[in-house]
Amino acid sequence: MTLAFVFPGQGAQTIGMGKALADAYPAAKAVFDEVDEALGESLSSLIWDGDIETLTLTQNAQPALMATSMAAMRALEAEGVDVTRAAFVAGHSLGEYSALAAAGALSVADTARLLRTRGQAMQSAVPVGEGAMAAILGLDLDAVRAVAEEAAQGEVCQAANDNDPTQVVVSGSKAAVERAAEIAKEKGAKRAVMLPVSAPFHCALMQPAADVMAEALAGVEIKAPAVPLVANVRAEAVTDPDLIRQLLVEQVTGSVRWRESVQYMVAQGVTEAWEIGAGKALSGMIRKIDRAVACSAVGTPEDVQKALQAGD
């Protein structure tokens, strides 16, 4: 079997995530301590004992999800499974940063600070209420792109996340996204669901955030990852640090090509995917993309043990 480690994006956050890992593995607890120190605040207290509304704020959710993914990674390492067991790492949006931290391309502290900056920049790029995102269910990427083009009417409306064959997310100006949701239903979409997000991610309206991230990433050391990263905006493997830096900037306004990323990994021989961190959303997407890929979620000590048994 050929294995990929995949890392979740925003939406997977829950109060209490990673706590059992921190209690069971000193190396997992050390990740949360390192993130708290890097940010100069106790993010771990918010993750474990806070309220979900505050945790869901983009500037908190992004580093929190990375911390949980890295805690799971450290638990695996404590059991003798390091990142080189995988042929590829990949992450959904902010999960790309978790993937790079797991592969040793970024330090945990730098990743936490970058994601705090990214979250703040993405939140402030568009005034609250002016942008929106909607999940279009039951139309393929080409059909959704046509819907977005028709709905734009001089405003921004783009296919932002190509998640799986049944789900493409559009992002942009609120009125344009609302039009897209209606047009999609007229064109045969099963459903069009407005998403509870605070900003229109992965579209041209995020350019101010991309500019902030270009500056932030310029000041951070990126090493060659221990295993190749399948990049969101390219849907192919990359290892060059300068290219990774460039693609992380492009990713802010570019589409998350998750469906194609999974198809790329399958074409390279991947037969198994471990979702490292919170939730099981990516596993669900991967099953819709290719049912032959065996998926395991690794977010608790029990999950770690199950994955070890499966990997034997």
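In the predicted model, helices α6 and α11 are roughly antiparallel to each other, because their axes cross at roughly 160° and angles over 145 degrees are assigned to that class. Helix α6 comprises residues 95–102 and helix α11 residues 241–253, and the two axes come within 11 Å. The crossing of this pair is left-handed. On the α6 side the contact is made by Glu 96, Tyr 97 and Leu 100, and on the α11 side by Ile 244, Leu 248 and Gln 251. By residue class, the contact of α6 with α11 contains four nonpolar residues, one polar and one charged.

Helix α2 contributes Val 31, Glu 34, Val 35, Ala 38 and Leu 39 to the contact, while α7 contributes Val 108, Ala 109, Ala 112, Arg 113 and Arg 116. Seven residues of the contact of α2 with α7 are nonpolar and three are charged, with no polar residue present.

Turning to the strands, β1 (residues 3–7) and β2 run parallel and are joined by four bridges. Within this pairing, Val 6 is positioned opposite Ala 90 of β2. Strand β2 spans residues 88–91 and is covered on both faces. Phe 88 and Ala 90 on one side are buried, as are Val 89 and Gly 91 on the other.

An open sheet is built from four strands in the order β4-β5-β3-β6, with antiparallel pairing. From one strand to the next, the twist averages 25°. The antiparallel pairing of β4 with β5 (residues 167–173) extends over six bridges, and Asp 162 stands opposite Val 168 in β5.

Helix α9 (residues 174–186) lies across β3 (131–137), β4, β5 and β6. The direction of α9 is at about 145° to that of β5.

Technical notes. Residues numbered from 1 in each chain as written. Predicted model: local features only at pLDDT ≥ 70, side-chain atom pairs only at ≥ 80, totals over all residues. Heavy atoms only, no water. Axes fitted to C-alpha atoms, helices over the stretch in contact; angles between N-to-C directions. Helix = DSSP H or I, 4+ residues; strand = E, 2+ residues; numbered from the N terminus. Parallel < 35°, antiparallel > 145°, perpendicular 65-115°, else oblique. Left-handed = near helix turned anticlockwise from the far one by under 90°. Contact = heavy atoms within 4.5 Å. Nonpolar A, V, L, I, M, F, W, Y, C, P; charged D, E, K, R; others polar. Buried < 20%, exposed > 50% of the residue type's maximum accessible area, 1.4 Å probe, protein only. Pairing = 2+ DSSP bridges.
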